Amino acid sequence: MIHFAPDSKNTQALTKQCQTPHKHQSHIIILKQLFNIVTPGANHTITPKERHHLQRRHVSRAALKVMAALHEDGFQGYLVGGGVRDSLLNGHPKDFDVATDATPEQVRRLFRNSRIIGRRFKIVHVRFGREIIEVTTFRANHEASADTKRSKQSEEGMLLRDNVFGDIRSDAIRRDFTVNALYYNSEDDSIHDFTGGMKDLQKRKLRMIGNPKIRYQEDPVRMLRAVRFAAKLDFEIDTKTAAPIRKMAPLLRNIPAARLFDEILKLFMSGYAQPTFAKLREYQLLEHLIPAAEEAIVNERPFALPLFEQGMINTDKRIHNDQRVTPAFIIATLLWPAVVAEQARLEQGGEAAARAHNLAAHNVIGQQIQHTAIPKRFTQFAREIWELQARLPMRSGKRAERLVENPRFRAAYDFLLMREEVGEDHKGLGKWWTIYQTKDEAGRSVMVEKLQHGSQKRRPNRRRKRPKNTTENS
Ligand code: ATP
Ligand code: MG
């Protein structure tokens, strides 16, 4: 999903930064800014095909088709964003975005399988089989528009609506980082750069376009994007880009919970969760995203930090091995120490274990979803993983057999292994389950029998007699 921001201050800062005009020229520049005119050529570098690494054959055919169709109809059409950045870095882009001077309605008319989505930021999705190409119209400076239907900012300077259209240059300087504002022209395979992105790419620098403070104010999610890209690309965050983050991190609290959940998915499920997590902590962002996780680390809850790190490592490994990952597992991991602590607190207050657990899970999730919306199916799944932790040790009779059949068994078992991996001692429980799964029916029965035998030996009279006239708390 793409988000831009109104940014005339930024435009000015950038123009100053790049042009350092003579005094007599500055009036002209201001006039041009007022009328949203851009000087063709200034700060615009074009890198021809022979001098960069983006190879046409790595570009999605669907994106090439979209651009060709736009060109044929007399529109401009460029590949932009992560698709260009990652291809230039010899990476594997996960999606391809196209920017054009055609309006969303014009794009919509051009492609049969397309639809306009978004209100705050209108884009067109063009579908080719399972692939979707996002086509966005060049955005422009907001202050040139008094039209609040198209452009709107909150009192804190946050972007609420962004549908003022412009040209390629205005579009470039309203993107977030210089390396995200490179435009690939499929007609001659050249790269167009208006913000120094090619140099930054070479230096492996993540640099915010314009004044970082203003840009974070307009859209605080850019702080999360900064750490995400720095971690994913192994780029250094430019000093000025990094400087305001810690102080401005609390602005994340103004972001709608649903959008933050989308960001969480990108932060932890793109294959770079481990370095991303470290950076989220380094820049004091985690405490505004998943406060319970940061608190667990700060309060030194048992195994909290190692568990989180292991969770991130395991997630990355699974993604790199093309294995399935579910956000539920990550949520279960990051909130587990908080649930354990809350459960202990409730038990101390006199609640029975099972009820204390349920309440604790309910409370911790309840607090988290105030920050980041989490679809019910994931919170439910996370709760099942937690609940099964208490059931995994109980294997007698038909219990083990029934547990393996549980659709959440695998996740719960992985969770147990992870807890053991970071040093929790469960007396070989994980190993027991590992072996159990390899056995046939007879072998499984033997394992369970041995277990009962062993436990009977140790604790011959385990069953306590229930005192008369008491009913069990359910
Ligand atoms: P990836 O898709 O690999 O996560 P990306 O750079 O393609 O990275 P998208 O979220 O797909 O990221 O956005 C596409 C492009 O839109 C970005 O490269 C950037 O130019 C612009 N963009 C996205 N979000 C913002 C934002 N919050 N502020 C300014 N520009 C943005
Ligand atoms: Mg993208």
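Let's start where two helices meet: Ala304, Leu307, Phe308, Gly311, Met312 and Thr315 in α16 touch Ile330, Thr333, Leu334, Trp336 and Pro337 in α17. This is a predicted model, and the tour below goes from these helices to a cavity and then to a sheet. A search of the whole structure finds three cavities of 30 Å³ or more, and eight strands form an open sheet.

**Helix α16 and its partners**

- Helix α16 covers residues 304-320, and its axis lies 9 Å from that of α17, at an angle of about 175 degrees.
- Because angles over 145 degrees count as roughly antiparallel, α16 is roughly antiparallel to α17.
- By class, the contact of α16 with α17 has eight nonpolar, three polar and no charged residues.
- Helix α13 (residues 273-282) is another partner: its axis and that of α16 come within 7 Å and cross at roughly 140 degrees.
- On the α13 side the contact uses Ala273, Gln274, Pro275, Phe277 and Arg281, while α16 brings Leu305, Phe308, Met312, Ile313 and Asp316.
- Seven nonpolar, one polar and two charged residues make up the contact of α13 with α16.
- Helix α15 (residues 291-298) packs on α16 at an angle of about 130 degrees, with the axes 8 Å apart.
- That angle makes α15 oblique to α16.
- Here Ala293, Ala296 and Ile297 of α15 meet Ala304, Leu305 and Phe308 of α16.
- The contact of α15 with α16 has six nonpolar residues, with no polar and no charged ones.

**The largest cavity**

- The largest cavity holds about 80 Å³ of space.
- Its lining consists of Phe261, Ile264, Phe268, Ile290, Ile330, Ile331, Leu334, Leu335, Gln368, Thr372 and Ile374.
- Helices α12 (257-268) and α17 (327-348) each supply at least two residues of that lining.
- The largest share, four residues, comes from α17.
- By class, the lining has nine nonpolar, two polar and no charged residues.

- The strands of the open sheet run in the order β1-β10-β9-β2-β3-β6-β5-β4, and their pairing is mixed.
- Strands β1 (45-47) and β4 (114-117) stand at the edges with a single partner strand each, so one side of each is left without a neighbour in the sheet.
- From one strand to the next, the twist averages 30 degrees.
- Strands β9 (residues 182-185) and β10 (residues 190-193) pair in the antiparallel sense over four bridges.
- Within this pair, Tyr183 stands opposite His192 in β10.
- Helix α3 (residues 61-72) packs on the sheet, where it touches β2 (77-80), β3 (97-100), β5 (123-128), β6 (131-137) and β9.
- The direction of α3 makes about 150 degrees with that of β2.

Technical notes:
Residues are numbered from 1 along each chain as its sequence is written. Chains are lettered from A and ligands numbered from 1 in the order in which they are written. This is a predicted model: local features need pLDDT of at least 70, side-chain atom pairs count only at pLDDT 80 or more; totals for chains, interfaces and linings use all residues. Side-chain values use heavy atoms; hydrogens and water are left out. Two strands pair if DSSP finds at least two bridges between them. Axes are lines fitted to C-alpha atoms, for helices over the stretch in contact, and angles run from 0 to 180 degrees between N-to-C directions. Contact means heavy atoms within 4.5 Å. On a 1 Å grid over the protein atoms alone, a cavity is a set of points where a 1.4 Å probe fits but cannot get out, and a pocket is an open set with protein on both sides within 12 Å along at least five of seven lines; lining residues have an atom within 4 Å of a point. Grid points are joined across faces, edges and corners, and a volume is the space filled by probe spheres set on the points. Ala, Val, Leu, Ile, Met, Phe, Trp, Tyr, Cys and Pro count as nonpolar, Asp, Glu, Lys and Arg as charged, and the others, Gly among them, as polar. Angles under 35 degrees count as roughly parallel, over 145 as roughly antiparallel, 65 to 115 as roughly perpendicular and the rest as oblique.
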